[in-house]
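Here's a quick briefing to read with the model open beside you.

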Amino acid sequence: MKKTIKKLTAVGLTLTSVMGLVACGASNSSSDDSKSKSVDWSSVEKPGTFSVMVDGTVVKDTNGGQAFYDYLAELTGLDIEWIRPEHSAYYDQVASTFASGDIPDVVLLSSDYLALYANNGYLWDMTDAWENSETKNSGRLISAAEKIEAANVVLGADGEYAMYGYSPFRGNGCCTYIKASWLKAAGLSVDDVKDKTLTYSEYYDILKKMKAAAASDYVISAPGWIGTEAPYTNYLPEFYQDAEYTFYKNADGEYVDGFSEEAMQNALQRIQDAVKDGIIDSETEGQTTSQARNKFYSTDPSTESGVFTYWAGTWADTLVTNLANKGLDSELVAIYPIEELGTYTERLSTAWCITSAAADAGKAEGIYKYFIDTMLDGGDVQMAWEYGAKGTHWDDKAETVTLATAKEGDAVKSYTYSEGEFHFLPSPEDPTTLMKKNHIDPVLAIASFNGTDPGAKSLTENVTENFEMFSSHSDVATPLPMTETLGNNITDINTARNEVISKVALNQMTVEDGMKYYKDTVGSKVEAVLKSLNSLGE
Amino acid sequence: MQCKSCNSELPKNAKICPKCGAQVSKPAGNLKVISIFGFVIMLIASMLPFVQSGEEVLDGYVPKAFAFSFMNISVPVMWYLFILLLVVGVLLVVAKKEIFSICASVAAMIVWVISYFGFTYEIVVGKTTGGGLRKEYTTLMDILNNGYDGNTYHIGVGVYVMVIGLIVAIAGVFIDVLKHFKKDLGVDSKYLSNSINQSLGLKLYYYRGFYLMYLPVLIMILIFNYWPMLGCRYAFTRYVIGNPYYIGLYHFQTMLTNDTFFWRAFRNTLILSIVKLILNTGFAVIISLLLNEIVNMPFKKTVQTIVYLPHFMSWVVIFSVFRMILSVNSSGVINGFLINVGLIDSPISFLADTRYWRGTFYVMNLWKDTGWGTVLFLATLSGISPDLYEAAQIDGANRFKRLIYITLPALANTIITVFILNLAKVMNLFESVFVTKSSAVDSVASVLQTYVYDKTFAGGNSDYGYTTAVGLFKSFVGMILVLGCNYASKKVRGRGIV
Amino acid sequence: MSDDKIVVRKKKKKFKVFPLVNGLIFILISLIIIIPIWKVLCDSLDARSAYGLNLHPVEFTLGGYQAIINRTSLYMPFVISVVTTIVGTFCGLLLVTLGGYVLIQWEMPGRNFFAYMLLFTMIFDGGMIPKYLVIKELGLMNTLWAVILPMSINVYNLVLMRNFFEGIPESLFEAAQIDGCSPMGIFFKIVLPLSKAALASIGLMFSVSFWNDYTNFKLYISKNNLYNFQIRLRSMVSDSDIPNDSSVSPETISSAATIVAVLPFAIIYPFCQKYFVQGVNVGAVKE
């Protein structure tokens, strides 16, 4: 009996080991360096079926997504397979899709991921396509367009810089909103802050006065001490001022680590003091944007915040609406960047990328010409990308639109429109509000319509005014080139940075101790990254 | 055929005479486990670097052409052949044809030597458009003599391990270690004849239904427990967004020399789980001693029901309850109370402050598990004979003395058992920390498992190979702990824990 | 005589003080356990719950529970939890009983090999990432099987079940065999009916672990509509990911969700306490 057991053991062992080891080793490697040959763009044909992976910024399936797909298919004649992961887990899904090798043809990526995947050879070089595109040569581009697209020029797997993504809209950024009611309670008026460039000490005095007058534990409650993507400092810009969170190219054209510079040390000291003075919420740590927003709308005076740095443009309106819905005083003042800050920073925009999978299938040019390039065609397709599907999200026929009521007994809101007048329809997801926009925010699009924007009237003055203020006082963030060494180490380095920031902010560490800790834990990694960045130009 | 000692007629295939119990056929020797062990060493050696770069492992850099082994040979068929020969060798040992297994191990060695000198190996120099790897090829002799990219190379640890493996595999054939561990059951062998004398085919047929029943279990075990073990080979590769390629022991070298986060996580794992273990066991003992003194049965039952309850709540619920009562607002239950009493001026952030997090973690663990921990102790206590107490009482021993001389000695064995059982699980600390920590308290809360999770899923450029290496290290330490505790358990209470 | 009396009196006095103190200690311990749960229960019924110090609802409402019943984003996770718990417990019990039954066939060729195979998994495991890659290669990501299957093969419970089975007298098996019962027949007619207590005990252990599962969902599921209640609760508590409801505060909803997460086992647990306890004792004494 023993013998048979042993035999079986052996058979089992054999099976298991062989089973696994056969799967080992052999990794496929095809290294045909097909250089991009010149393409005759006029003769490029439609690509056939292709897959598109996009986050929740395109109307979700629950919000009439299917209607948009059908409408777009009708307009462009493209056969698209849409892949729509959950918005909050979008980049997890993207990462696992690329890791598994089952890559979609088109994917929407943030600047970090764009750089990463371009560097690993997963994206298609669209430099030539962009140069010859209708959008670029249409004359409808806004002046900042070139600068925005320049951020999509990153390092490819071949070691050359090229444009690997296309952003049809600008990135937007954050500006600081102050509640007028809080100003008044502190004995100030709106005119003290509006359309003025304050200095930090003036601004801080105002915050202190507001704190003294308020019942709350704090004046500002931000979504975390530091953001998770560039520009990192955008939720507390007045305190960070000119400090750089990560690596950047300084005036001498050399890459340096912004975090270990003196500007950051001063910034950390300011934040620590502000937390001590009860200006910044000590619960800011790990707070999400929705938590911070809820504190801004809070009806409980002990948890309400009075100053909030948040997205410009559409959000200026949304904040006001939500405050009004909660029965709070909804007058907000968006202030100019303070003197030490100079300008607000505009975020790097997400970009549409065509993957190497599409290129291998010979579809890349077609997808660019008929899908990407038509997004801002100045006509119906642009309408679809900005406002959604006609008949589901917006319409221009004569009709009366009635919003559903949240509770019985609420006032019924209805609007009447004449024939040919553009208007939004109630949102399919939440029929108590009107649709606002689709993927491309109308104020942020990098190209205008042929003629006038049909939907311009639907934008409130508040939004346009706020966005104008923001664009005249902002600057686009500069992208950091992705090197392999940077990619390997940035997570660890950022972990150490965030730890230092939160400990210093909560006064568990002095600034000096924090910097020393930073050097001790990741100093050698920082040096390795700097070396790799500075050897790029050579 | 007849039995030699009692001359009775033997059944077909008999190994033991059913009448007198004498061995009829030649006794099969024990399995030569040492030899099998040698083959396993050779298998592991085939993944270790044969030739390795002499460059220093610098923090932050990933070197090119760091190591060469079967995992990056340009003709992987050689590796498969090598493994096949090892498998044949193991089979021969198992089939008790040990002498022939030497042929297999020597043949494997020859395959290895040919691969070492005769084939080219891959160097990954970068990525290509399309997501592939850009490779160059070199022979081991060339790189040993001429170096690559300014680095010199030397013979790697794989070669030494391979030679050791071969020696063990061959020497093991002649050493029988199992005989020292075999226990004689003391059963007269003639009683065993009934089962031993049956032929294998007959038995397999008889048990066919059972094999069918076991099939689902076997499949699940193979898929969810053994397949992942094969994934450990990724610990020797660099694995960023697909396309793993061999990098030798680089990950282990970085992990042990440069990664402060790793060491922090390792230290935290030990501190958190051991302090937790001591506190939980201590409190559970005290509570069960007190609980045992309650004479009013309904009251005792009610108390038991209440204190067991938190054990069935998930960590998410515990976190949610504690987050609520530890809220940092001045209106939070605990903070509000402390401020009212005048102990503190401003609210304490128990769950986000590195100074308080560990304490809070221990308290949460005590709240959740102390009650449940008493179950075993109470069972032991109820087993102590009341006569002992009565006798002691008559001798004039007070409550304290009875505790010292009767109760505690009776409990000691159980306490040690509980301690050993839990010590073996020290490395597995995960969900309780994962749910209750935030990144703010990483310096005191990050444990190995959460470190692996955070590092892998933090971003698109995480290296699966590296985190697999950390996981492998964790599993390895865990294995040592389990085996150690198993040994301790055998010493203390006569039987193991696994 | 007088001496005796003193002794008796002393004894009586001691006898009174200690139980009193002991009783008080346990009342205190019970309060420590109950008050946090009670507080959450109150908050869940209080429209304006803002973590106050009060131990009773100030403004009574059932709005928190109503929100859970009405909102898809809150009741779907509950449904997912129920489904995984039921299916998972069934799969788990199936595997554990089959495995346990085969492992008591001492003379079965290969039995020891199977036993050592199980044993080895308790000593060494591949780790989180290789397991994740396996689940991915199997194409189970974002399906409920990724959560159910790996957890239903629980070696510890399997060994526990085997220990229970070992307690069944050998003679019963022999008698059944003589009556011509097949292995399957013995399994269903004798083994299972005799192990009702064991099935209850191990079934409860399985269902608790499936109901409370957080890690597997976190690792293998990234679709909102497949999240279970624990994941949803965690995101409500730590990320304030709570649907806006004008009638009650977000804290009320998250407190109500906490209560709902505890409720199923809080209800059945007092009746099944002995099965839970039995499982632990068998596990430790006869592993």
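This is a predicted model: local features need pLDDT of at least 70, side-chain atom pairs count only at pLDDT 80 or more; totals for chains, interfaces and linings use all residues.

Residues are numbered from 1 along each chain as its sequence is written, while chains are lettered from A and ligands numbered from 1 in the order in which they are written.

**The helix pair in chain B**

- Helix H1 (residues 33-45) and helix H2 (residues 77-94) of chain B pack at about 170°, and their axes are 10 Å apart. Axes here are lines fitted to C-alpha atoms, for helices over the stretch in contact, with angles running from 0 to 180 degrees between N-to-C directions.
- From H1(B), the residues involved are B:Ser35, B:Ile36, B:Phe39, B:Met42 and B:Leu43, and they meet B:Ile83, B:Leu86, B:Gly89, B:Val90 and B:Val93 in H2(B). Being in contact takes C-beta atoms, placed from the backbone, that lie within 7 Å.
- Sorted by class, this contact has 8 nonpolar residues, 2 polar ones and no charged ones. Nonpolar covers Ala, Val, Leu, Ile, Met, Phe, Trp, Tyr, Cys and Pro; charged covers Asp, Glu, Lys and Arg; the others, Gly among them, are polar.

**Chain C on its own**

- Chain C has 13 helices and 0 strands. Both are DSSP runs numbered from the N terminus, with helices being H or I of at least four residues and strands E of at least two.
- Of its 287 residues, 43% count as buried. That label needs 20 or more other C-beta atoms within 10 Å of a residue's own, whereas 12 or fewer makes it exposed and anything in between partly exposed, with C-beta atoms placed from the backbone.
- Among contacts in chain C with a separation of 6 or more, 75% come from residues 24 or more positions apart.
- An unreviewed UniProt entry annotates "transmembrane region" at several stretches of chain C, including 20-38 and 78-104. Such annotations may be inferred rather than shown by experiment; positions follow the numbering used here and feature names are shortened.
- Residues 20-38 of chain C are 100% helix and 0% strand, with end C-alpha atoms 25 Å apart.
- Residues 78-104 of chain C are 96% helix and 0% strand, with end C-alpha atoms 39 Å apart.

**Where chain C meets chain B**

- The contact takes 72 residues from chain C and 75 residues from chain B.
- On the chain C side, H1(C) gives the most, with 14 residues.
- That side of chain C has 49 nonpolar, 16 polar and 7 charged residues.

**Chain A**

- Chain A splits into domain 1 (47-170 + 349-386), domain 2 (174-346 + 478-534) and domain 3 (394-404 + 411-434), with the bounds coming from an automatic or database domain assignment.
- Taken over C-alpha atoms, the centres of domain 2 and domain 3 of chain A are 39 Å apart.
- Why is helix H12 (residues 289-296) of chain A largely enclosed by the rest of the structure? It's because 6 of its 8 residues are buried, and among them are A:Arg293, A:Lys295 and A:Phe296.
- A:Ser100 sits in helix H3 (residues 90-100) of chain A, and A:Ser100 counts as partly exposed because it has 15 C-beta neighbours inside 10 Å.

Note on methods:
Two residues are in contact if their C-beta atoms, placed from the backbone, lie within 7 Å.
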